[in-house]
Amino acid sequence: MNIIVCLKQVPNTADVRIDPETNTLIREGIPNIVNPFDLYAIEEGVRLREEFGGRVTAISMGPPQAAEALREAMGMGVDEGILLSDRAFAGSDSWATSYTLALAIRKLGACDVVLCGKQAIDGDTGQVGPGIARQLGLTPLTYVFRIHSLDPEAGKIVVERLLEEGRELAEGNLPALLTVVKDINQPRAATLYDLRRSFRVGIRTWKASDLPGADPANLGLSGSPTQVVRIFSPPGRKGSPEIFSGERVEAAASLLADRLLAEHVL
Amino acid sequence: MGLLKIDKEKCLGCGACIDACPYGALDLVDDVVVVNEKCTACGACIDACPVMALLIPRLSGGDAERLSAYRGVWVWIEQFHGRMCEVSAEMLGQGRRLADTRGTALTACVLGRNVEHIAGEAVSYGADHVFLADDPLFESYRTIPYAGTLLGLVREHMPEIFLLGASARGRDLAGAMAADLHTGLTADCTGLDIDADTGLLLQTRPAFGGNIMATILCRDYRPQMATVRHHVFELPIPDRTRQGQIVRVAPALPEEKVPTRVVGFTEETETVHLANAKVIVAGGRGVGSAAGFEPIRRLADMLGGAVGASRSAVDAGWISYAHQVGQTGRTVRPDLYIACGISGAIQHLAGMKTSRVIVAINKNPDAPIFQVANYGIVGDLFAVIPALIDEFKKRLAVTPGFGAEAAEAVLTRS
């Protein structure tokens with residue numbers, strides 16, 4: 001089986017805070033991490049190889065330091081890491097990102113399964129996975145929380161998908177692109193042995209000129225239909241709150257209960 | 001990187017842009033700002049610069065004539081087992097407003113099996129036209145036949161704006177369609193407006209885990225596609241007397257060309273009714289343990305509400321993900337949201353700040369949650385909640401756990 005995992009290095013947005021004085025992001029000491037949802041994709045890819053044999057390749061697009069994320073994936077058992085890094089890729093939105101990743105996957109030759117996390121925590125769009133599937137004509141299976149069965153001979157995969165109303169059991173033809181949700185597995189920790197291997201083997205870097213068929217007009221900022229035109233702090237709510245001191249808890253609770261009944265929200 | 005241009009003559013070296021940059025892509029070298037490879041051309045620094053020394057050169061404007069051929073606002077109507085999803089009705093409300101502003105028509109796309117009644121509902125929620133694709137092929141949502149059929153309609157009729165709910169299916173469909181059309185797609189918008197000067201769709205969404213808001217434009221590609229999460233916009237009031245035109249369309253491809261089959265569905269017996277709860281009592285880091293959620297449950301039960309949680313409480317394993325409210329959890333807008341021991345990280349506020357009345361209970365008077373609250377009690381939640389339960393007990397004359405019906409009955413009488 002030829003398995004490909006797409007991943008993204010992201011700033012850990014859970015640690016981001018706003019400076020109340022200046023209303024700007026406090027980003028000091030915020031580490032870059034592998035997008036948490038992609039860890040599940042890496043784990044699932046390694047498990048598939050353990051069961052069916054073959055090879056798992058991780059691909060990431062980003063600046064040179066995104067190689068760290070690929071090393072972590074190799075530390076978890078991925079065979080090879082490929083970094084797509086070129087000034088021409090900078091400023092990519094979700095369309096240009098899926099275009100570029102699709103070109104790289106095509107260059108790697110025939111694959112059976114492509115795995116992505118359901119979304120990245122910095123952009124939260126969840127659009128790159130479905131985009132890659134469409135670009136490459138792979139069977140799209142999104143929000144997968146369990147691979148029920150996979151038969152490489154028959155070219156079939158059966159997965160459970162997590163939707164708003166419940167779990168859908170869906171069968172699809174291979175090759176397929178799966179985006180996976182948090183509950184699919186428990187990602188393993190990177191091992192020292194595999195991390196050492198990642199440094200020995202190294203991470204391959206591909207530039208735009210390494211991607212056959214890449215149309216410069218479709219890469220990076222030029223290939224991105226969307227443009228961010230303004231960034232601002234989230235607006236607060238109007239008015240100031242009525243605060244009851246909790247020193248005398250019963251009195252505060254009594255006042256609050258009166259106010260809430262008067263608001264007719266109960 | 002070559003994206004951001006810095007006018008070294010104008011730059012004062014004040015560092016305002018460095019503070020504004022979410023990515024740490026700017027540094028001060030010899031009193032002049034320089035940009036490194038972390039720059040994503042997000043534009044956050046542009047507004048921060050007091051002397052306009054920063055610029056992101058954009059591509060030249062699109063072919064105006066080509067773009068003006070695109071007209072109308074479309075909404076994809078999501079349905080499950082023959083019922084229109086609420087988010088689609090909310091989208092029709094927004095679509096109606098945008099279509100009126102643009103002086104154009106609102107079109108609903110209804111795909112499914114035995115869903116003719118939904119076409120009528122779409123009209124009552126504001127659609128002028130409905131494309132109705134009623135066929136066994138569309139029994140369950142599947143990406144390929146749904147996207148294929150809608151892509152055919154979009155290419156033929158060329159809408160200017162295409163809106164979808166940001167549900168699992170909506171995101172799946174939007175991602176596939178935008179890839180095929182090579183057009184812009186903005187996920188999870190919290191604001192949709194028409195720019196008065198250009199007529200472009202101003203798409204505002206949280207980014208960076210909800211820590212900042214971004215307004216996004218799709219200038220040169222059509223349709224301008226956007227998704228919006230459930231409960232972000234209000235549900236419009238349907239008008240059953242409205243008239244609209246319903247046009248039947250055929251599937252764009254036969255079953256043999258579809259690479260997926262839905263072979264089963266297990267509906268979740270939803271134990272957490274966050275989405276439609278009128279009252280939510282939520283706990284965060286301050287709750288301290290799984291057992292700490294007990295008083296929160298008791299208060300929620302007594303008020304006939306649901307239990308919510310912040311991401312820290314869920315990540316700590318005290319309560320399941322189904323309870324999570326926020327950017328990566330559910331978006332809710334109950335009548336009453338009681339936040340207990342929740343500090344109010346922006347990613348949490350993004351999921352609940354449109355609630356009608358917000359109550360914050362927190363030990364720390366400086367917790368940001370108080371800034372969005374209507375009422376607050378500064379104190380230990382383990383002392384405040386039992387006191388609140390006692391006070392409600394007196395006023396509602398019900399016993400804890402007796403449920404909403406009893407409380408409602410008492411209130412209706414009083």
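Of the 266 residues that make up chain A in this predicted model, 56% count as buried. The secondary structure of chain A consists of six helices and 15 strands. Residues 24 or more positions apart in chain A supply 70% of its contacts with a separation of 6 or more. Further values for chain A are collected below.

| Property of chain A | Value |
|---|---|
| Span of the C-alpha trace along its principal axes | about 70 × 40 × 40 Å |
| Accessible surface | about 11000 Å² |
| Share of that surface from carbon and sulfur atoms | 49% |
| Positive side chains | 28 |
| Negative side chains | 34 |
| Separation of the centres of the two charge sets | 4 Å |

**A strand between two partners**

Strand β14 of chain B, residues 212-217, is mostly covered, with six of its six residues buried. In a regular strand, side chains alternate between the two faces of the sheet.

β14(B) has pairing partners in both chains. From chain A, strand β14 (residues 227-232) pairs with β14(B) in the antiparallel sense over five bridges; within this strand pair, A:Arg230 is the bridge partner of B:Thr215. From chain B, strand β13 (residues 201-207) runs antiparallel to β14(B) and is joined to it by five bridges. Here B:Gln203 has B:Ile216 as its bridge partner in β14(B).

**Nonpolar cores**

Nonpolar side chains tend to be buried together in soluble globular proteins. Which residues have the most contacts inside the largest nonpolar core? They are A:Leu260, B:Phe293, B:Leu299, B:Ile338, B:Ile361 and B:Phe392, in a core of 39 residues. Helix α12 of chain B (residues 381-396) provides the largest share of this core, namely eight residues.

The surroundings of B:Ile361 can be given in detail. Neighbours within four places in sequence aside, B:Ile361 is in contact with B:Ile338, B:Ala339, B:Cys340, B:Gly341, B:Ile377 and B:Gly379, as well as with B:Leu381, B:Val384, B:Ile385 and B:Leu388.

Another core, of 36 residues, lies apart from the largest one. Among its members are A:Val34, A:Val78, A:Leu141 and A:Ile184.

Technical notes
Residues are numbered from 1 along each chain as its sequence is written. Chains are lettered from A and ligands numbered from 1 in the order in which they are written. This is a predicted model: local features need pLDDT of at least 70, side-chain atom pairs count only at pLDDT 80 or more; totals for chains, interfaces and linings use all residues. Side-chain values use heavy atoms; hydrogens and water are left out. Helices (H or I, at least four residues) and strands (E, at least two) are DSSP runs, numbered from the N terminus. Buried means under 20% relative accessible area, exposed over 50%, partly exposed in between (1.4 Å probe, protein chains only). Contact means heavy atoms within 4.5 Å. Accessible areas come from the Shrake-Rupley method with a 1.4 Å probe; for residues, only the protein chains shown count as cover. Lys and Arg count as positive and Asp and Glu as negative; His and the chain ends are not counted. The place of a charge is taken as NZ of Lys, CZ of Arg, CG of Asp or CD of Glu. Two strands pair if DSSP finds at least two bridges between them. A nonpolar core is a set of buried Ala, Val, Leu, Ile, Met, Phe, Trp, Tyr and Cys residues joined through side-chain atoms within 4.5 Å.
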